[in-house]
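Reader: Please take a close look at the charged side chains here. Which of them pair up, and where do they sit?

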Amino acid sequence: MKTMQQKTEQRMERALEKAAKMICTLKCGLCPIREENFSGCPWQCTEETRPWQCWVAHLQEPTR
């Protein structure tokens, strides 16, 4: 059985993914490579890498 903490974390992950997909759509499917403070892709880009995944990683980075 999941704890309240686990349910909250799972809900936050889904919300972050949804936000990243919306941002990616607004940016015409481009990854955040041209965004200010983008520190680089968390993995090597391939055909299987989706740009929204890079947005998730970018949004998870702590602000500087």
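Author: Start with the counting rule: Lys and Arg are positive, Asp and Glu are negative, and His and the chain ends are left out. Each charge is placed at NZ of Lys, CZ of Arg, CG of Asp or CD of Glu. On that basis the chain carries 10 positive and 8 negative side chains, and the centres of the two sets are 8 Å apart.

A word on the source. This is a predicted model, where local features need pLDDT of at least 70 and side-chain atom pairs pLDDT 80 or more, while totals for chains, interfaces and linings use all residues. Numbering runs from 1 along each chain as its sequence is written, and side-chain values use heavy atoms, without hydrogens and water.

Now the pairs. A salt bridge puts a side-chain nitrogen of Lys or Arg within 4 Å of a carboxyl oxygen of Asp or Glu. The count is two.

One joins E17 to K21, with the closest N and O atoms 2.9 Å apart. Both belong to helix α1, residues 4-26. They are four residues apart there, so about one helical turn separates them. Helices here are DSSP runs (H or I, at least four residues), and strands are runs of E, at least two, numbered from the N terminus. The chain has two helices and zero strands.

The other joins K27 to E35, at 3.0 Å between the closest N and O atoms.

How covered are these residues? Buried means under 20% relative accessible area, exposed over 50%, and partly exposed in between, with a 1.4 Å probe and protein chains only. E17 is partly exposed at 31%, and K21 is partly exposed at 35%. K27 is partly exposed at 36%, and E35 is partly exposed at 28%. Across the chain, 16% of the 64 residues are buried.
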